Amino acid sequence: MKAYKKEVQFTIWMTAAFILVGNVGLIFSVFPVDAMLFGFPVMYIVPILMGWFGVFILTIVAGKIGNRIDDEIDSENDALGVSSEVKDV
Amino acid sequence: MMEAQNWQLSNPILGLAVVGATFLLFYIVGFISNRKSASAKDLYIGGGNVGAFTNGLAMASTYMSLATFLGITALILKLQVPFIMLWIQLILAIPLITIIYGTSLRRMGAFSPTHFIRDRYGVTASIIAALFMILVSVMYALGQMIGIAITFETLLGIPYLTGLFVFGLLIVGYITIGGMAGATNNAAIQMVIIALMFIIPLGAIMKAIGASGWYFPPLFYADMVPAMLESLPTFFDYQFSPKWYFSIIPALTIGALGLPHLAMRVYTASSLKSARSAMVWFAFILGLVFSATYAMGFVGVFATTTEGLVISEGDADKLTIILNLVYNPEWVTALVIAGAISAGLSTLSGNLLAIGALISQDIIATLKPNIPQRLSLRIGFIAIFAGGLVSILLAIEPPAFLVVSILWAFGLAGVTNAPLIIVGVWWKEANKFGAIAASVVGGAVYIIVSPFVFPSIVLTGHGVTDGMGLSGAMLAVPISFILLIVVSYITNRMPSLQRRLTKQSDIELIERIHGWRDIKTYRYNSTLGAGVTVVVSAVVAIWALMPWGM
């Protein structure tokens with residue numbers, strides 16, 4: 001039960017985080033900001049930076065958590081005592 | 001030098017030599033990589049043993065089409081910042097595919113997303129989905145084919161039809177010879193070529209214009225901003241309403257989840273861990289080149305508004321090349337052309353492999369499951385070649401839209417396939433009746449409200465918004481989700497239909513692809529989750545029908 005819940009919650013929250021970080025332009029279209037950052041308008045450079053480094057960092061996090069959940073699913077399987085022949089290839 | 005003119009290499013032999021050398025390289029790599037293809041599995045997913053770094057690069061270059069060099073900068077010239085905002089989220093494709101369904105389908109051993117649809121929803125639904133996928137892939141491949149022929153025509157002076165047939169066949173040949181293993185190794189090499197041939201010349205252009213940040217073009221062009229704001233104060237304006245920015249999510253974010261040639265890259269991974277590392281490399285390299293693309297568009301607008309560069313409407317597509325011709329020596333432009341061709345090639349090879357897998361595995365092998373392995377492999381090669389030939393023939397009389405048609409194809413994939421895969425992986429109740437209804441009705445609605453079939457039936461009347469499928473997908477994608485969930489829920493409760501449903505094997509499949517070795521009724525069975533999806537989808541669909549004010 002625990003690993004299943006984690007898997008579903010991870011997928012929902014991670015998907016939401018990715019969509020948010022990749023669509024910062026949508027947020028600025030609702031809440032415009034009139035300021036400059038690194039010499040660019042904030043509404044220009046922040047979506048670009050988030051769409052690169054923000055997404056990049058999220059992929060690292062998603063990869064780590066995804067691997068850990070796989071391990072937990074495997075250990076719940078092992079706890080069942082089912083033979084391991086259908087283990088993923 | 002600064003007037004409208006015929007933009008062409010004065011020494012086309014130089015361009016041809018560089019392009020010829022890259023083609024030779026791709027042929028050799030393709031040949032070496034695919035010597036061992038003994039089965040359809042080798043042909044389509046490279047034996048399923050591609051390493052993370054190679055795969056990440058290959059994912060990025062498969063995704064980055066010729067549009068990186070030709071279309072995007074033109075649309076930045078035309079739409080300015082809103083188009084950049086639209087493009088940024090395209091980077092989400094592989095990460096979302098990987099976490100939402102890619103690892104599950106990799107665990108299942110699928111060749112293509114439709115392979116999952118067949119096991120999950122049966123033959124009829126999978127053939128409908130495969131036909132839509134083939135349409136999407138052909139539209140995509142067509143765009144690349146046309147773009148490559150136009151590149152040869154306008155930049156090297158080779159007549160369109162000659163370029164189309166000679167280079168079209170050369171390309172199709174190398175993809176057929178190389179299979180997925182060749183395409184993957186080549187795509188990784190092409191990614192390096194694309195990045196170098198885009199970013200380094202851009203640095204040289206920025207240096208020539210006098211930008212101090214020329215040594216890191218993707219982000220260091222802030223010193224050009226004041227001059228830009230002075231001559232074109234509206235450049236950074238968002239122009240459109242939040243609704244327009246929201247519509248990007250159903251159209252392109254969800255749309256990309258339905259693109260077969262992207263998903264197939266995840267299945268080539270040697271393990272689930274490797275697939276997850278590949279998405280990290282993908283995000284890094286794609287972010288780098290995407291950011292450089294925005295910089296190129298910015299420099300293009302800067303050059304036309306402050307430097308007096310004149311680019312006619314018809315030449316807008318060639319912005320990247322024109323900037324190189326104006327500010328860089330000719331041999332640099334020849335390398336940029338090779339980069340553009342590489343970008344087109346890597347996408348095209350992904351499309352053709354998807355078409356091959358769809359025709360041979362998802363249609364022929366579905367209808368005739370007992371074909372021997374050798375024949376199946378041969379049909380695979382023929383299908384890839386035939387798909388290429390069809391895109392060449394279609395490109396003889398090309399439709400007028402290049403980039404727009406590709407983005408519209410995203411929406412079609414998002415409507416007809418993405419809901420089937422996403423809901424199918426995460427909800428046991430989804431069944432074949434829901435899948436068929438979603439794919440057919442959703443697809444029909446999307447096509448009807450597009451400007452291409454009934455130009456008077458559109459949602460916004462704003463040409464680019466309707467043409468890119470933003471408005472159509474905002475209506476049709478939620479309709480597709482609603483139909484899949486509601487029709488499945490109802491038909492599961494109709495006793496007369498029980499005989500025609502395969503509940504037990506569906507349940508077993510879902511548990512297995514998530515990695516479980518037992519079956520639990522509470523897993524992937526949330527009526528609440530399905531209900532929330534229906535309500536959210538209904539709100540979005542109604543919003544799409546309300547006036548856009550454009």
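1. How many helices and strands are there in chain A? Chain A has three helices and two strands. Along the sequence, the pattern of chain A is α-α-β-β-α.

2. A word on the source. This is a predicted model, in which local features need pLDDT of at least 70 and side-chain atom pairs count only at pLDDT 80 or more, while totals for chains, interfaces and linings use all residues. Residues are numbered from 1 along each chain as its sequence is written, and chains are lettered from A and ligands numbered from 1 in the order in which they are written.

3. Chain A has 89 residues, and 36% of them are buried. Buried means that 20 or more other C-beta atoms lie within 10 Å of the residue's own; exposed means 12 or fewer, and partly exposed is in between, with C-beta atoms placed from the backbone. Take the contacts in chain A between residues at least 6 apart in sequence: 61% join residues at least 24 apart. Two residues are in contact if their C-beta atoms, placed from the backbone, lie within 7 Å.

4. Now the contact between the chains. Chain B gives 40 residues and chain A gives 41 residues. On the chain B side, helices 5, 6, 11 and 13 each supply at least two residues. Helix 13 of chain B has the largest share, eleven residues.

5. Look at helix 3 of chain B, residues 52-63. Eleven of its twelve residues are buried, so helix 3 is largely enclosed by the rest of the structure. Among the buried ones are B:N55, B:G56 and B:Y63. The buried residues pack against helices 6, 9, 12, 13 and 15 of chain B.

6. Helix 1 of chain B covers residues 12-33. Its buried residues include B:G15, B:V18 and B:F26. They lie on the same side of helix 1 of chain B, because they cover an arc of only 110° around the axis (the arc of the directions from the helix axis to the C-beta atoms). The face turned away carries the exposed residues B:I13, B:A21 and B:L24. The buried residues of helix 1 pack against helices 8, 9 and 15 of chain B.

7. One more contact set is worth checking. Not counting residues up to four places away in sequence, B:L484 touches B:P419, B:L420, B:V423, B:A430, B:G434, B:A435 and B:A438.

Key
Helices (H or I, at least four residues) and strands (E, at least two) are DSSP runs, numbered from the N terminus. The expected span of a helix is 1.5 Å times one less than its number of residues.
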